[in-house]
Amino acid sequence: MRRKMVAGNWKMNGTRASVAKLIDSLREQELSSDVDVVVFPSAMHLERVIASVAGTSISVGAQDCSVESGFGALTGESSAAQLADLGVEWVLVGHSERRLILGEGLETVSRKFAAVQANGLVPVLCLGETLEQRESGRTLEVVHEQLSSVIADRGIASFAGAVIAYEPVWAIGSGLTATPEQAQEVHAAIRGMLAEHDSEVAEVTRLLYGGSVKADNAAQLFAMPDIDGGLVGGASLKADEFGAICRAAGN
(Lines give C-alpha, C1' and ligand atoms only; values in the text may rest on other atoms or scores of the structure.)
Protein backbone atom coordinates (compact mmCIF):
# COMPACT_ATOMS: atom_id res chain seq x y z
CA MET A 1 0.00 0.00 0.00
CA ARG A 2 1.33 3.42 -0.94
CA ARG A 3 2.19 5.66 2.01
CA LYS A 4 0.45 9.03 2.05
CA MET A 5 2.52 12.19 1.67
CA VAL A 6 1.84 15.89 2.19
CA ALA A 7 4.41 18.39 0.95
CA GLY A 8 4.39 22.11 1.69
CA ASN A 9 5.97 24.34 -0.96
CA TRP A 10 6.76 27.66 0.71
CA LYS A 11 7.93 29.18 -2.60
CA MET A 12 9.65 32.60 -2.34
CA ASN A 13 8.21 33.40 1.06
CA GLY A 14 9.48 33.95 4.56
CA THR A 15 11.91 35.92 6.66
CA ARG A 16 14.14 34.47 9.35
CA ALA A 17 11.59 35.54 11.94
CA SER A 18 8.50 34.25 10.13
CA VAL A 19 10.15 30.94 9.25
CA ALA A 20 11.18 30.40 12.87
CA LYS A 21 7.61 31.12 13.99
CA LEU A 22 6.16 28.78 11.37
CA ILE A 23 8.47 25.93 12.34
CA ASP A 24 7.67 26.41 16.04
CA SER A 25 3.98 26.22 15.19
CA LEU A 26 4.45 23.14 12.99
CA ARG A 27 6.28 21.36 15.79
CA GLU A 28 3.16 21.80 17.93
CA GLN A 29 0.90 20.15 15.34
CA GLU A 30 -0.37 16.64 15.86
CA LEU A 31 0.86 14.83 12.75
CA SER A 32 -0.02 11.28 11.72
CA SER A 33 2.78 8.75 11.82
CA ASP A 34 1.26 7.21 8.68
CA VAL A 35 1.98 10.28 6.53
CA ASP A 36 5.28 11.57 5.17
CA VAL A 37 5.32 15.31 5.89
CA VAL A 38 7.81 17.40 3.93
CA VAL A 39 8.39 21.15 3.80
CA PHE A 40 10.15 22.95 0.95
CA PRO A 41 11.56 26.29 2.19
CA SER A 42 13.42 28.77 0.02
CA ALA A 43 17.12 27.98 -0.40
CA MET A 44 18.30 30.59 2.11
CA HIS A 45 16.23 29.02 4.89
CA LEU A 46 17.04 25.35 4.22
CA GLU A 47 19.80 24.94 6.79
CA ARG A 48 17.84 26.62 9.56
CA VAL A 49 14.71 24.59 8.86
CA ILE A 50 16.65 21.31 8.74
CA ALA A 51 18.13 22.07 12.16
CA SER A 52 14.77 23.19 13.55
CA VAL A 53 12.84 20.05 12.59
CA ALA A 54 15.54 17.63 13.78
CA GLY A 55 13.97 15.00 15.99
CA THR A 56 10.52 15.44 14.46
CA SER A 57 8.72 13.47 11.75
CA ILE A 58 9.02 16.43 9.34
CA SER A 59 11.58 16.18 6.56
CA VAL A 60 12.92 18.93 4.33
CA GLY A 61 13.15 19.36 0.57
CA ALA A 62 14.57 21.97 -1.80
CA GLN A 63 12.49 23.80 -4.38
CA ASP A 64 15.05 23.39 -7.17
CA CYS A 65 18.58 22.31 -8.03
CA SER A 66 21.13 22.71 -10.79
CA VAL A 67 21.23 20.49 -13.87
CA GLU A 68 24.83 19.72 -12.86
CA SER A 69 24.84 17.19 -10.05
CA GLY A 70 28.21 17.93 -8.46
CA PHE A 71 30.36 21.03 -8.13
CA GLY A 72 31.64 23.59 -10.61
CA ALA A 73 31.53 27.08 -12.05
CA LEU A 74 27.82 27.86 -12.09
CA THR A 75 27.40 31.09 -10.17
CA GLY A 76 24.20 31.31 -8.17
CA GLU A 77 23.25 27.64 -8.59
CA SER A 78 22.90 24.94 -5.91
CA SER A 79 23.69 21.37 -6.89
CA ALA A 80 22.00 18.23 -5.65
CA ALA A 81 25.35 17.21 -4.14
CA GLN A 82 25.37 20.38 -2.05
CA LEU A 83 21.75 19.85 -1.03
CA ALA A 84 22.48 16.27 0.02
CA ASP A 85 25.44 17.49 2.08
CA LEU A 86 23.12 19.98 3.78
CA GLY A 87 20.68 17.25 4.79
CA VAL A 88 17.96 17.78 2.18
CA GLU A 89 16.03 14.61 1.25
CA TRP A 90 13.67 15.75 -1.52
CA VAL A 91 13.80 18.15 -4.47
CA LEU A 92 10.96 19.64 -6.53
CA VAL A 93 11.63 19.21 -10.24
CA GLY A 94 9.73 20.89 -13.07
CA HIS A 95 7.37 23.03 -11.02
CA SER A 96 5.05 24.92 -13.34
CA GLU A 97 6.40 28.28 -12.22
CA ARG A 98 9.85 27.23 -13.35
CA ARG A 99 8.55 25.76 -16.60
CA LEU A 100 6.35 28.73 -17.51
CA ILE A 101 7.99 31.76 -15.92
CA LEU A 102 11.65 30.73 -16.04
CA GLY A 103 11.45 28.81 -19.29
CA GLU A 104 12.64 25.39 -18.14
CA GLY A 105 12.12 22.92 -20.97
CA LEU A 106 11.73 19.16 -21.02
CA GLU A 107 15.47 18.51 -21.31
CA THR A 108 16.29 20.74 -18.35
CA VAL A 109 13.65 19.08 -16.19
CA SER A 110 14.94 15.62 -17.12
CA ARG A 111 18.54 16.58 -16.31
CA LYS A 112 17.52 17.91 -12.92
CA PHE A 113 15.54 14.73 -12.21
CA ALA A 114 18.70 12.74 -12.99
CA ALA A 115 20.93 15.00 -10.87
CA VAL A 116 18.64 14.60 -7.88
CA GLN A 117 18.65 10.81 -8.06
CA ALA A 118 22.40 10.67 -8.72
CA ASN A 119 22.91 12.15 -5.27
CA GLY A 120 20.53 9.83 -3.44
CA LEU A 121 17.68 12.33 -3.11
CA VAL A 122 14.07 11.88 -4.14
CA PRO A 123 12.71 13.99 -7.01
CA VAL A 124 9.13 15.23 -6.87
CA LEU A 125 8.33 15.63 -10.56
CA CYS A 126 5.63 18.23 -11.21
CA LEU A 127 3.28 17.86 -14.17
CA GLY A 128 0.32 19.96 -15.22
CA GLU A 129 -1.57 21.91 -17.84
CA THR A 130 -2.56 25.56 -18.22
CA LEU A 131 -6.18 26.70 -18.36
CA GLU A 132 -5.90 27.21 -22.12
CA GLN A 133 -4.61 23.66 -22.56
CA ARG A 134 -7.39 22.23 -20.40
CA GLU A 135 -10.10 24.16 -22.24
CA SER A 136 -8.74 22.91 -25.56
CA GLY A 137 -8.92 19.30 -24.32
CA ARG A 138 -5.14 18.81 -24.20
CA THR A 139 -4.68 17.98 -20.50
CA LEU A 140 -3.62 14.37 -20.95
CA GLU A 141 -1.54 15.19 -24.02
CA VAL A 142 0.45 17.80 -22.07
CA VAL A 143 0.91 15.58 -19.01
CA HIS A 144 1.94 12.65 -21.22
CA GLU A 145 4.58 14.76 -22.95
CA GLN A 146 6.02 16.00 -19.66
CA LEU A 147 6.11 12.51 -18.14
CA SER A 148 7.26 10.56 -21.19
CA SER A 149 10.22 12.91 -21.66
CA VAL A 150 11.65 11.87 -18.29
CA ILE A 151 10.80 8.19 -18.84
CA ALA A 152 12.59 8.25 -22.19
CA ASP A 153 15.70 9.81 -20.67
CA ARG A 154 15.84 8.11 -17.29
CA GLY A 155 13.90 4.85 -17.73
CA ILE A 156 10.74 3.71 -16.04
CA ALA A 157 12.64 2.08 -13.15
CA SER A 158 13.73 5.53 -11.96
CA PHE A 159 10.15 6.24 -10.88
CA ALA A 160 10.32 3.57 -8.20
CA GLY A 161 12.41 6.16 -6.36
CA ALA A 162 10.41 9.26 -7.27
CA VAL A 163 7.15 11.05 -6.54
CA ILE A 164 4.90 12.69 -9.14
CA ALA A 165 2.81 15.77 -8.38
CA TYR A 166 -0.03 16.68 -10.73
CA GLU A 167 -0.67 20.40 -10.46
CA PRO A 168 -3.15 21.96 -12.86
CA VAL A 169 -1.56 25.35 -13.46
CA TRP A 170 -4.95 27.07 -13.53
CA ALA A 171 -5.59 25.98 -9.94
CA ILE A 172 -2.29 27.08 -8.38
CA GLY A 173 -2.80 30.06 -6.09
CA SER A 174 -6.04 30.93 -7.87
CA GLY A 175 -8.46 29.62 -5.30
CA LEU A 176 -9.78 27.29 -7.99
CA THR A 177 -9.45 23.58 -7.36
CA ALA A 178 -9.99 20.63 -9.63
CA THR A 179 -12.90 18.58 -8.34
CA PRO A 180 -11.88 15.30 -6.74
CA GLU A 181 -13.25 13.55 -9.83
CA GLN A 182 -11.27 15.78 -12.23
CA ALA A 183 -8.10 15.25 -10.23
CA GLN A 184 -8.68 11.49 -10.00
CA GLU A 185 -9.18 11.25 -13.77
CA VAL A 186 -5.73 12.73 -14.43
CA HIS A 187 -4.05 10.78 -11.63
CA ALA A 188 -5.49 7.54 -12.99
CA ALA A 189 -4.23 8.48 -16.46
CA ILE A 190 -0.74 9.18 -15.10
CA ARG A 191 -0.68 5.82 -13.33
CA GLY A 192 -1.84 4.26 -16.59
CA MET A 193 1.01 5.95 -18.46
CA LEU A 194 3.48 4.45 -16.00
CA ALA A 195 1.79 1.05 -16.24
CA GLU A 196 2.30 1.00 -20.00
CA HIS A 197 6.00 0.64 -19.19
CA ASP A 198 5.94 -1.27 -15.89
CA SER A 199 2.85 -2.16 -13.88
CA GLU A 200 4.80 -2.74 -10.66
CA VAL A 201 6.44 0.68 -10.81
CA ALA A 202 3.04 2.23 -11.55
CA GLU A 203 1.58 0.60 -8.46
CA VAL A 204 4.27 1.87 -6.04
CA THR A 205 4.77 5.41 -7.40
CA ARG A 206 3.08 8.02 -5.25
CA LEU A 207 0.98 10.63 -7.03
CA LEU A 208 0.22 13.93 -5.29
CA TYR A 209 -2.35 16.55 -6.19
CA GLY A 210 -1.32 20.21 -6.12
CA GLY A 211 -3.56 23.19 -6.79
CA SER A 212 -5.23 25.17 -4.00
CA VAL A 213 -5.33 22.24 -1.57
CA LYS A 214 -6.93 23.38 1.68
CA ALA A 215 -8.15 21.81 4.90
CA ASP A 216 -11.75 21.90 3.70
CA ASN A 217 -11.13 20.00 0.44
CA ALA A 218 -8.18 17.78 1.38
CA ALA A 219 -10.15 14.81 2.71
CA GLN A 220 -12.25 14.52 -0.46
CA LEU A 221 -9.20 14.76 -2.70
CA PHE A 222 -7.16 12.27 -0.69
CA ALA A 223 -10.03 9.77 -0.67
CA MET A 224 -9.61 9.26 -4.42
CA PRO A 225 -7.94 5.89 -5.20
CA ASP A 226 -5.00 7.30 -7.18
CA ILE A 227 -4.32 10.43 -5.12
CA ASP A 228 -1.69 9.66 -2.50
CA GLY A 229 -1.46 13.09 -0.89
CA GLY A 230 -0.91 16.71 -1.75
CA LEU A 231 1.60 19.32 -2.81
CA VAL A 232 0.36 22.32 -0.86
CA GLY A 233 1.22 25.94 -1.65
CA GLY A 234 -0.20 28.91 0.24
CA ALA A 235 -1.93 26.80 2.89
CA SER A 236 1.44 25.36 3.95
CA LEU A 237 2.43 28.79 5.29
CA LYS A 238 -0.27 28.47 7.97
CA ALA A 239 0.66 25.82 10.51
CA ASP A 240 -2.89 25.05 11.64
CA GLU A 241 -4.15 24.73 8.07
CA PHE A 242 -1.19 22.59 6.99
CA GLY A 243 -1.55 20.40 10.06
CA ALA A 244 -5.22 19.84 9.26
CA ILE A 245 -4.33 18.83 5.70
CA CYS A 246 -1.75 16.38 7.02
CA ARG A 247 -4.31 14.89 9.38
CA ALA A 248 -6.78 14.55 6.52
CA ALA A 249 -4.21 12.46 4.69
CA GLY A 250 -3.74 10.29 7.76
CA ASN A 251 -7.45 9.64 8.01
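**View A. Val6 stands opposite Gly230 in E8.** The model is predicted: local features need pLDDT of at least 70, side-chain atom pairs count only at pLDDT 80 or more, and totals for chains, interfaces and linings use all residues. Residues are numbered from 1 along each chain as its sequence is written, and side-chain values use heavy atoms, without hydrogens and water. Strand E1 (residues 4-9) pairs with E8 in the parallel sense over 4 bridges. Pairing requires at least two DSSP bridges between the strands. Strands (E, at least two residues) and helices (H or I, at least four) are DSSP runs, numbered from the N terminus.

**View B. Strand E7 (residues 206-210) runs parallel to E8, joined by 2 bridges.** Gly210 has Leu231 of E8 as its bridge partner. From E7 the chain passes through helix H10 (residues 215-222) to E8, a right-handed β-α-β crossover (clockwise from the first strand over the helix to the second, with the strands pointing away from the viewer).

**View C. Strand E8 (residues 229-232) has buried residues pointing both ways.** Gly229 and Leu231 point one way; Gly230 and Val232 point the other. Buried means under 20% relative accessible area (1.4 Å probe, protein chains only).

**View D. Helix H7 (residues 139-154) crosses helix H8 (residues 180-195) at roughly 35°.** Their axes come within 11 Å. Axes are lines fitted to C-alpha atoms over the stretch in contact, and angles run from 0 to 180 degrees between N-to-C directions. Thr139, Leu140, Val143, His144, Leu147 and Ile151 in H7 meet Val186, Ala189, Ile190, Met193 and Leu194 in H8 (contact: heavy atoms within 4.5 Å).

Key
Buried < 20%, exposed > 50% of the residue type's maximum accessible area, 1.4 Å probe, protein only.
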